[in-house]
Amino acid sequence: MTKQKKKKKYRGFWIFFKIQLTLLLLLGGVMVYYFVGGYAQTVQQLKSEADSLVAKSNTALFRKGETGLVYDCQGNLIKTYQGEKDSYYIEYKDIPDIVKEMMISVEDRKFLKHKGVDYRAIIRAAIAMLRNGEVTQGGSTITQQLARNVFLTNEVTWQRKVEEIFIAQNLEQKYTKSQIMEFYLNNIYFGNGYYGIQAAAQGYFSKNIDQLDLSQTAFLCAIPNNPTLYDPINNKNNTLSRRNHILSGMYEQGLISLSVSKEAKNERIRLKRKKGVEKNNYVETYVNYCAIRALMKAQGFEFQYSFESEKKRNAYHKKYEQMYKDCERSLYISGYRIHTSIDLKQQEKLQDAIDTGLSSFTDVNEEGIFKLQASGVTIDNSTGYVTSIVGGRSQDFNGYTLNRAFQSFRQPGSAIKPLLVYTPALERGYTPDTPVLDAPVAEGPSNADGMYEGTITLRHAVKKSKNTIAWKMLDELTPGAGLAYLEAMNFSRIDVEDNRLPAALGGFTNGVSTLEMSAGYATLQNDGYYREPDCIVKIKDTQGNLIYLSDYETNDKKSKKQDDEENEGTRIYKSNASRMMTDMLQTVILEGTGSGLGLGDMPCAGKTGTTNDNKDGWFAGYTKYYTTSIWVGYDQPASLPGLTGSSYPGHIWQNYMLSIHENLEPVSFMPYIEQKEIDYE
């Protein structure tokens, strides 16, 4: 018995010894890897940089933002991104206590105790990341968030996190907790260009922060955690959900009573945007979007439009939203000089054409916005730049303005046929003179006029917009092959469910935008080369250093050195197929569904589009100079008697295009080369 006890005693000792030895070896290995692998040097460099950043900082740093400038195609100033921190800066003593308590409650409960970093929270976040395979919990204190917002970016790397920790520790040593809270509440981003709690209160409610009630305050405090997800304009329900989460947390911590919490949760939030903050300015919203994406591109972000799986789609969008948020913040505070392709004279003419074309429709919705809407986009065919973009009818509206031209996606009807069906077929041997059979299709569509003409030419089928022909040709081509062309032109809402024959007639799950349609038709005019639509020519910083240069500007410089057809854009269609399609689309305007919508002596090509029950009307067309697409419909799809592609959309297109082509020399399209026809059964 004694020997067995001794063995057990020594066995316990040796187990303990082996564990300790293993831990020491692991620790030793980590230390060796840390130093030999160069991590020690990197960490030291990050610490030195953090020390320098905070040492050079002063209170003025947290108050000032640079003013950014935006110019049109003529170099005229059209917009400023105001550095408004000074005008909305609010000192600690003037910040309501409930705001401070609320932010501590939801963002950093140990704020008053830690010295910049909550290591337990970081460990919990790390464990959660290992368990879930992704970041599901935050680990950053209020001081770390301040460090990231003022000195760094939201880039997810270990180097950024380490430097953030060093900066936070230095901030805690240099400034008081009250100062840090003051800096934080004046610098965090509340979405839609608002930095700081006072700017957000004015921007969303037209009040000072001390004039807001508990529910409104919690609503604002919900935003900074993720300004995109909790955007009060676009994702108000998400904001309300997080507001309720904050109120529940405050009750659990004993900061408010249960009855007060319930009353605040039940309160209806009514936004009252500061007049003039959100104008009916479609140029502004599109410039913002393009500028942010240009900054993303300058930082190496690669945009995607199709995905192998839903998991990859979600991962991409998560990365996209984070980068978008970082660059949006940079746009508003960095003082960039942004040069655009926007032509304000064209912009005014497009807006006037839309307003005049729909002037007889005066019905408004509950918010006072016109029910019947329209959008239009013009692309300069010589460059691929967007020169004008209108996202709706003019209206003096004190609130958020939806830019339907790139933010709304609708069914395109027959306007999609040239991009999805006909030009791909022309690449495969069809010609305008190929005979095709217009006859009823089993379990297929009927023609809009209910008529069947037997054997006709493909040109005739296009000019009369025969649904039967488009359906059968896509069946032969296969829907997947047709959709591949749209995906190659970055049509962003193509869904896996769209891989079916109704796509031939524009039957999509999500639809397309007016911007995408303009870019698609501009590709036909550009001999089959696609250029991603954009309005940003270049971006410079406050010192005049080039931050971003558009692909066209870069390629234009290349083309002066070499004759390289790749400078034209991305090849989508064969040149001859595009030219044949253009020739047939000229016939559409001369004697087809677009008859009467010509531009006088100016050669033009175009296509109508009308969806079921007259819910959406489209006209997309071009000259050698410009491509313009027009959409007309209700925001909430509803039938409009008399709405076809050739009615309101067609007349808006015609009136506008006549005005911007005035005094321009007529230029013909390039002729196509005759090729051997194929028989179609």
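**Close-up views of a predicted model**

**View 1. Helix H13 lies across strands E1, E2, E3, E9 and E10.** Helix H13 covers residues 282-298. Strand E1 spans 68-71 and strand E3 spans 337-340. H13 runs at about 65 degrees to E9. Helices (H or I, at least four residues) and strands (E, at least two) are DSSP runs, numbered from the N terminus. Axes are lines fitted to C-alpha atoms, for helices over the stretch in contact (heavy atoms within 4.5 Å). Angles run from 0 to 180 degrees between N-to-C directions.

This is a predicted model: local features need pLDDT of at least 70, side-chain atom pairs count only at pLDDT 80 or more, and totals for chains, interfaces and linings use all residues. Residues are numbered from 1 along each chain as its sequence is written, and side-chain values use heavy atoms, leaving out hydrogens and water.

**View 2. Five strands form an open sheet.** The order is E2-E1-E3-E9-E10, with mixed pairing (two strands pair if DSSP finds at least two bridges between them). Strand E2 (77-81) and strand E10 (546-549) are the edges, and each pairs on one side only. From one strand to the next, the twist averages 15 degrees.

**View 3. Strands E9 and E10 run antiparallel.** Three bridges join E9 (residues 536-540) to E10. Ile-539 stands opposite Tyr-548 in E10.

**View 4. Helices H4 and H8 cross at roughly 85 degrees.** The axes of H4 (residues 97-107) and H8 (residues 177-187) come within 12 Å. H4 and H8 are therefore roughly perpendicular (65 to 115 degrees) to each other. H4 brings Val-99, Lys-100, Met-103, Ile-104 and Glu-107 to the contact; H8 brings Met-181, Tyr-184 and Leu-185.

Notes:
Angles under 35 degrees count as roughly parallel, over 145 as roughly antiparallel, 65 to 115 as roughly perpendicular and the rest as oblique.
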